[in-house]
Each structure stands twice: as structure tokens, then as C-alpha cells.
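Welcome, and thanks for taking a look. Here is a short briefing to read alongside the model.

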Amino acid sequence: MKHGVLVPSPPAPSGGRAAEQACLALLDASTSLHRLLQTTAFLLKSGLQSNPLVLTKFVAAASSLHALHLAHSLLFSPHVSTSLYDTFLFNTLIRSHAHSHLPLAADNCRAFSYFSSMLHAGLLPNKFTFPFLLKACSRLHNAGNVGFQVHASAIKFGFGANLFVQNSLIHFYSAAAGSPDSALKLFDRMPQSNPVTWSAMIGGYVRSGSSDKAVALFREMQSRAIPPDEVTIILSLAACADLGALELVRWLWSYVNRKNIPKVLSLCNAVLDALAKCGDIDGAMALFEQMPVRSIVSWTTVIDGLAMHSRGEEAIKLFELMKCAGIVPDSVAFISILTACAHAGMVNEGCHYFSSMTADFSIEPQIEHYGCMVDLFSRVGMLERGLDFVKKMPMEPSPMIWRMLIGACRVHGRLELGERIAKDLLDKDPMHHSNYVVLSNFYALKRQWDKKWETRRAMSEHGIRKVPGCSLVELDGEIYEFIAGDESHLHYMGVYEMLEEISLKIKLAGYVPVMEEVLLDIDEEDKEDALHWHSEKLAVAFVLLKTPPRTPIKIVKNLRVCADCHAAFKCISNVYDREIVVRDTNRFHRFKGGACSCKDFW
């Protein structure tokens, strides 16, 4: 017994088979650095530093304990002959460093120095060497440049056409190097592919923000009769969640059922997330109830979905059920429940859960939790309390937190305070487009047009552009995109004519344009015209034009819904007897019968 750890008594050193087996057993049992050091002593005393199997096992054990420095010291010590080195050993070293938690800066990236040492020792790489090197590349700042060299080496050594290596290259280019176009070129040239290849390409598109291309690639995969595996489906569900493609999510789930694909927990959680983010929170709840096994991710996903749909009381009930089921909430679960409280304006409940984190679960609140509380106070107009809360934060407030307060100042008419905070934020973070936008908006609200244009000019001089409003709708399995004021769309003539009809009908029903949303120095008629062409209105007109009466309308928008579109959609839902569901950057709005599920609180 040493330091409270029971260490097995090894046999007497013999350097033979018995010592080898004893050392391998000790390495398996080395669950701490102290025990690994003891095993190292036994290894050296037994003369096993000349045993390639023991050396390889030692590297793996050191990697699992984040003690790769020990492996390096042993392998490259005078006690170990270079004649013992082989490709498998170097692959183990490269893989261990690629998966380690060590910083891999360009000047100390040992994974690549081991590759160089391997070549200098006269050892040839194999098909496993390059995927491990590409994994190490993904953690470098200049990933693309180094990755190109690895790719060239793979071709040089005859592995450029190896399917295993090509799959790794596709994953690297599309994910780590941020070059999905390079990945696509490689993908198109491949003589053969498998579900792993397609998954790598689809996943790269999702990670690069090109979910529309990911869905298109999945459909091409289907047209070629290539059966998707579990990973492909999970990645495709993530793309659907981004786009709000609910019908495709439902088709994917039916495909899983038809093909008897194992409903592993990760797959079910992905479906839960996609259903909730595509607007079908009731479908997500139904699936959740049917799941025989649920992880904390399952619970948190549904709670987060309820939060996005303004169903705060249900989110709280589910959170409490989770605790009763013996699932201990983690920091992510608390973000979800605090978000639910914020979207529902439940101040007392939000304060309770924020305090409960530390008092009941010893979880130290992070910046995200503080952000939820500031959001809660901001939404209900408690600006002084929100500001006081920010001042008492134990860390520097993030720009997002300041923007929450700025938005609240605009909504609640505190223009002077909002302008002051916006100026301070712009000084701290002059490269973020929204900081210029919010400050120029305050100048516009105060009719200080010269200051507004001066701010916009500074924004332009920094090469920063405002993100245009964009809305997506899914219709008959296709995704249609609308950009504010864009006349290039295939259906724009019919859409614009439909907009004129909508405008006429909702005005007769009592709709009054919210002119304050047009922060331009133009006359009232031009302001109304500017409001007319918001992207979400184009999307609604398109769906009204192309679908039969009473068909629900589902829209995904890249920005927050403005007050004018919110007012118009309430009226449209009543006049046309349509349910309109809009997912913006913060939440869902479900318009029905002239009212919105957010109760005008967003």
C-alpha cells in the first residue's frame, strides 16, 4: 500500500515473457500518474525498454493520463535503441499527441516532429499515419498550410487514393481548414465513396454554415441509392435544424423506422433537437416520452425547446421532473431553464434557479448564466436592476450582455442610456457590425441624422457590412430563401403582387405600420414602402401564393423579428386564417387568430 493505492506485486524481474505480461498488466492498471511512474520503474528494472509491445502500450497509457512527456523521455532516452522503432509505434505517438490536451503551436508540435523522425529513421508511413497527422493539423492556427503539406506527403507515399486517407482529407478541408470547396473538389474526384465519405462532406458543410448544401448533398446521396448510416443521419438532422426543414426531419425519422436503424441515444437526441428547432415542440415532447433511455442532453434539449416556444411553465415542470428522476442538472441545463424564465418574463423563478446553481449544486455561474439573467431583467424593463447585476458580475461583461441592455433601452424608451452604453461598446469592440448598427439606430430614433451617417461611414471605412435580413421557407421538400428588397427571386413578380393584396387587406382589418422601425430620413410614404419588403413578409407572401388555404406557414429568419412584421403577422394570421410560425435568432413566434405565443413580450 503506497499513498493509499494498492499496487499489485509484480513477479521477480526476468526480462522474459512473465515480466512482459506483468508490465502490460501494470500499464492497464495505471490510472494515475503516480502508478504510471511506479510502472516505469518496473519497466526499466525488468529491462523491457527493448520490448516494442511494452513501449507502444506505455505510450498509450501515458497519453490517457496526459503524461506524454514521460513517453517522450523514455522512448528517446539512451536506454532505447532506435532499431526498436517501427511505424506502429510512431503512429501511436502521433495519434496520442493529436488527441492530447497539449497546445500544438507550430514551434512545438511534436506530432509532426515524430513524423519527421520516423522518416529519418527510414520508416515508411502507412494509411493510418496521415489521418492522425490531419487530426493534429486541425488544432493549428495555420491548419490549411500544414494540411496541404500532409496531403502532398500522402500522395508522395502512394496513399492519395486510399479511401481511409481521402475521408480524413475531406473532413480536414471541410471542417478544420474551413475550405469546403477544396473538400468538394477532392470528393468529386474520388473513384469510390462510402457513407463515411458522404458524412464527412455533409458534416463539413454543416460546420461551415452551408446547411443548404448539406441537405442538397444528402438528397444526392439518396438519388444514388447510397444508404446513410447513423452519423450521416445525425449530421443531416443538424442541417435540417439550421434551415427549419421540418418535413425532411420527419422523413429522416420515418427512414430510421423503416430501415430499422438502431435508435441509439445520440440519434434520438438529434431528432429531439431538430424537431424542437424546426417548430414541432409537441413532436419533440412526444418522442421524449417514448424514449426508454434519456440522458441529461435529452432533458436539456426539450427544456431548451420549450424555452424557445415561450412555454416557461412547462419548462420548469420538466426541469423539476428531471431532478426527481435522479438526473443532476449541469451548467448547460441551467442555461436552458434560465432562458425559459427570461422568455416568459418569470423574474422570481429565474432568480431562484440562478441562486440554486451555487447553493444546491455547487455550480459556479459562467458568463452565459449571467447573460440569461441580464436578458430576463432587460425583457421586463428592469434596467436599473440589470445594470446593477452587470456591475456585480465577477467577470468582464461580454459584448452580448451589453447589447441586451442596449436593446432594452430602445424598447423601453431609455434612449440617452442606450446611446451611452452603445458608444462605450463601440469603443471596446470596433470590429463588430452590430455595435455600429445599434448606435446609428439610436441616432436615428433621436433624429440626429448627421451622427447616424457618420457612424455608418465609419462602419464602411472599417470594411464592415450589416448582415441583410434573410428568411427561409420549406415547401414541397425545397428550401426557398428571401432577402429583404431582393427582386432576383424566381417568383418575385407574383410575390410582390401578393404583398400588395396582403397590405390592402390587413390595413382594412386595422393594421397600422410601425414607422419607428424605419430608421431613415425619408417621408412617411417611403417608410411604409421600406417596411413592405422585409424578408419575412416576402416569405409569407410566397407561401400564401403557393399553398392552399389554412396551410401552416413556417419561416426561419436570421435576425430578430421587427415590431412591424410582428404586428403585420398577427393581422395576417387572422385575415387569412393561417398559423404562422417564425423562428428568429432568439425564439419562436406562433401567430394564430390575431395573437402571438410570445404575448408581445420579446
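Contact here means heavy atoms within 4.5 Å. This is a predicted model, in which local features need pLDDT of at least 70 and side-chain atom pairs count only at pLDDT 80 or more, while totals for chains, interfaces and linings use all residues. Residues are numbered from 1 along each chain as its sequence is written, and side-chain values use heavy atoms, with hydrogens and water left out.

**A buried asparagine**

- Asn91 sits in helix H5, residues 87–98; helices (H or I, at least four residues) and strands (E, at least two) are DSSP runs, numbered from the N terminus.
- With a relative accessible area of 4%, Asn91 is buried (buried is under 20% relative accessible area, exposed over 50% and partly exposed in between, with a 1.4 Å probe and protein chains only).
- Beyond its neighbours within four places in sequence, Asn91 touches Asn126, Phe128, Thr129 and Phe132.

**The second largest pocket**

- A pocket is an open set of points on a 1 Å grid over the protein atoms alone, where a 1.4 Å probe fits, with protein on both sides within 12 Å along at least five of seven lines; lining residues have an atom within 4 Å of a point.
- The volume of the second largest pocket is about 410 Å³, where a volume is the space filled by probe spheres set on the points, and grid points are joined across faces, edges and corners.
- Its lining has 20 residues, and those nearest the centre are Pro131, Lys135, Asn167, Ser168 and His171.
- Helices H7 (129–137), H9 (163–176), H11 (195–207) and H13 (230–243) each supply at least two lining residues, and H9 gives the most, with seven.

**Cysteines**

- How many disulfides does the structure hold? There are zero, counting a disulfide as a pair of cysteine sulfur atoms within 2.5 Å.
- For Cys571, the nearest cysteine sulfur is that of Cys565, 13 Å away; Cys571 is buried, at 12% relative accessibility.

- Residues 194–228 are 74% helix and 0% strand, with end C-alpha atoms 9 Å apart.
- Residues 295–329 are 74% helix and 0% strand, with end C-alpha atoms 11 Å apart.
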